[in-house]
Amino acid sequence: MAKGLSGLLEIHEKIKTLRMFKKINVETVAKQLNMSKSAYYSRENGRVILNVKELFKLCQIFGVSPSIIFTNCKDKDEFLSLIRYEYFVKNVLSGEVHEC
């Protein structure tokens with residue numbers, strides 16, 4: 001996975017990682033954002049920059065807090081650990097267990 005100039009995971013890379021982790025296909029996400037599959041794909045691949053409204057909607061779709069998207073992570077493994085930790089705190093510690 002490519003990294004930005006800062007050596008950190010880029011937002012679009014995090015979005016793609018989240019989608020794959022949650023096992024949601026591109027068509028489903030695009031539909032929920034009211035855009036075409038190719039328009040969403042352009043955002044997920046970093047060719048088009050996501051706007052704030054889209055970012056917050058994606059957080060809702062993926063069931064994560066916006067802070068996850070803006071936390072600096074050096075690679076995909078570190079980001080996946082962060083996602084798993086948030087899932088644990090939100091669901092397991094609260095007594096609600098949902099499938100990832």
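This is a predicted model: local features need pLDDT of at least 70, side-chain atom pairs count only at pLDDT 80 or more; totals for chains, interfaces and linings use all residues.
## Helix ends, buried faces and salt bridges

Just after helix 4, Gly63 adopts a positive phi of about 70°. Residues are numbered from 1 along each chain as its sequence is written, and side-chain values use heavy atoms, with hydrogens and water left out.

**Overall picture**

- The protein has six helices and zero strands, where helices (H or I, at least four residues) and strands (E, at least two) are DSSP runs numbered from the N terminus.
- Of its 100 residues, 37% count as buried; buried means under 20% relative accessible area, exposed means over 50%, and partly exposed lies in between (1.4 Å probe, protein chains only).
- Among contacts (heavy atoms within 4.5 Å) between residues at least 6 apart in sequence, 54% join residues at least 24 apart.
- The accessible surface comes to about 6300 Å², of which 56% belongs to carbon and sulfur atoms; these areas come from the Shrake-Rupley method with a 1.4 Å probe, and for residues only the protein chains shown count as cover.

**Helix 4**

- The buried residues of helix 4 are Glu54, Leu55, Leu58, Cys59, Ile61 and Phe62.
- Seen down the helix 4 axis, these buried residues fall within an arc of 160°, so they line one face of the helix; the arc is that of the directions from the helix axis to the C-beta atoms.
- Val52, Lys53 and Gln60 are exposed on the other side of helix 4.
- The buried residues of helix 4 pack against helix 1, helix 2, helix 3 and helix 5.
- At the N-terminal end, Asn51 caps helix 4, with a side-chain oxygen 3.0 Å from the backbone nitrogen of Lys53.

**Helix 1**

- Glu13, Lys14, Ile15, Thr17, Leu18, Arg19 and Phe21 are the buried residues of helix 1.
- Their cover includes helix 2, helix 3, helix 4, helix 5 (66–70) and helix 6 (76–92).
- Lys23, which follows helix 1, has a positive phi, near 60°.

**Salt bridges**

- A search of the whole structure finds three salt bridges, each being a side-chain nitrogen of Lys or Arg within 4 Å of a carboxyl oxygen of Asp or Glu.
- Glu44 and Arg19 pair through their side chains at 2.6 Å, N to O. This pair links distant parts of the chain, with Glu44 in helix 3 (residues 37–44) and Arg19 in helix 1 (residues 11–21), 25 residues apart. Glu44 counts as buried at 1% relative accessibility, and Arg19 is buried with a relative accessible area of 10%.
- Glu27 and Lys37 form a salt bridge, their closest N and O atoms being 3.1 Å apart. Here Glu27 in helix 2 (residues 26–32) is linked to Lys37 in helix 3, 10 residues apart. Glu27 is partly exposed at 41%, and Lys37 is partly exposed at 47% relative accessibility.
- Glu54 and Arg43 form a salt bridge with closest N and O atoms 3.0 Å apart. Glu54 belongs to helix 4 (residues 52–62) and Arg43 to helix 3, 11 residues apart, and both residues are buried.

**Surface patch**

- Tyr85, Phe88, Val89 and Val92 form a nonpolar patch on the surface, with about 360 Å² of accessible area together.
- Patches are made of residues with over 30% relative accessible area and no salt bridge, with like charges joined within 9 Å and nonpolar side chains (Val, Leu, Ile, Met, Phe, Trp, Tyr) within 5 Å.
- Val92 is found in helix 6 and is partly exposed, with a relative accessible area of 34%.

Conventions. A polar contact is a pair of N or O atoms within 3.5 Å; within protein, one must be able to donate a hydrogen and the other to accept it, and residues adjacent in sequence count only if both atoms are side-chain atoms.
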